[in-house]
Amino acid sequence: VKQFAKNLQKTLDLEQTPAYKLTYRSRISNGRPYLFATYKQRNGGNTMLKTLALTLTLLLSFTMAACSSTSGTNAKIDQTTTNAAQTAPTDAVQRIRLTLANQDELILKLNGTRAAEDFLSLLPLELTCKDFNNTEKVAYLPRRLDTQGAPAGFDPQTGSFAYYAPWGNLAFFYRDYGYANSLIELGTVESGIEKLAAFDNDFTIKLELLP
């Protein structure tokens with residue numbers, strides 16, 4: 001700040017003299033810095049150079065206001081970016097191991113949606129699974145998933161992994177099926193769907209996140 005004042009002094013052609021000495025005084029008011037320059041007579045007199053003081057005050061105020069405005073804009077941009085990152089589906093591919101009662105394994109890939117992320121928060125799980133309609137295997141979760149913002153329905157194919165909101169159950173499709181309202185896609189069974197289809201009666205499955 002002092003160097004700024006000296007540069008301004010040179011611009012205004014105000015030089016130190018044996019009779020006068022230029023001094024500086026600064027203060028902060030309402031969060032803004034102010035700089036005052038004073039010519040003091042060496043014999044004890046005191047003469048305020050109002051023009052210089054006013055010029056310095058205005059210039060510094062405008063400079064700090066401009067910096068504050070830029071910082072505020074950057075902060076808003078950063079906050080917008082943060083909010084967008086928080087609401088967008090995750091880009092990281094997340095996979096789950098499903099272990100059957102005979103120790104055979106299936107690999108599931110999640111789609112990163114809100115419902116899929118909520119399902120992840122429940123893992124690890126051990127559930128009872130059973131056949132439904134010779135088309136899918138179903139297992140009931142300990143609680144309902146967060147389906148806010150999910151599509152109204154889904155048209156599952158062989159290998160689809162979904163959640164049926166009205167009943168609160170997972171669905172593993174080993175055959176194609178038509179469009180169903182309130183059926184929410186969570187991901188796909190990447191491998192082993194034929195192993196799951198081979199089970200007829202109620203059986204236990206274990207679900208855990210792969211490292």
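pLDDT is the predictor's confidence in each residue, from 0 to 100. This is a predicted model, in which local features need pLDDT of at least 70 and side-chain atom pairs count only at pLDDT 80 or more, while totals for chains, interfaces and linings use all residues. Residues are numbered from 1 along each chain as its sequence is written, and side-chain values use heavy atoms, with hydrogens and water left out.

**Exercise 1. Confidence**

Find the average pLDDT of the chain and the residues over which pLDDT stays under 50.

Solution. Step 1: the chain has an average pLDDT of 76, and 57% of the residues score at least 70. Step 2: residues 44-88 stay under 50. For these residues the model has 40 contacts (heavy atoms within 4.5 Å) beyond four places in sequence.

**Exercise 2. T135**

Solution. Step 3: the T135 side chain reaches the backbone oxygen of N133 at 2.8 Å. Step 4: with neighbours within four places in sequence left aside, T135 contacts F172, F173, Y174, R175, D176 and Y177.

**Exercise 3. R144**

Solution. Step 1: R144 is in the loop between β7 and β8 (153-154), and counts as partly exposed because its relative accessibility is 49%. Step 3: residues up to four places away in sequence not counted, R144 touches D118, Y163, A165, P166, W167 and G168. Step 4: R144 and G168 are 24 residues apart along the chain, with their C-alpha atoms separated by 5.4 Å.

**Exercise 4. A pocket**

Describe the lining of the second largest pocket by residue class.

Solution. Step 1: the lining divides into ten nonpolar residues, one polar and one charged. Step 2: among the lining residues are F132, E136, N169, F173 and Y177. Step 3: β7 and β10 (169-173) are the elements that give two or more residues to this lining.

Conventions:
A polar contact is a pair of N or O atoms within 3.5 Å; within protein, one must be able to donate a hydrogen and the other to accept it, and residues adjacent in sequence count only if both atoms are side-chain atoms. On a 1 Å grid over the protein atoms alone, a cavity is a set of points where a 1.4 Å probe fits but cannot get out, and a pocket is an open set with protein on both sides within 12 Å along at least five of seven lines; lining residues have an atom within 4 Å of a point. Helices (H or I, at least four residues) and strands (E, at least two) are DSSP runs, numbered from the N terminus. Ala, Val, Leu, Ile, Met, Phe, Trp, Tyr, Cys and Pro count as nonpolar, Asp, Glu, Lys and Arg as charged, and the others, Gly among them, as polar. Buried means under 20% relative accessible area, exposed over 50%, partly exposed in between (1.4 Å probe, protein chains only).
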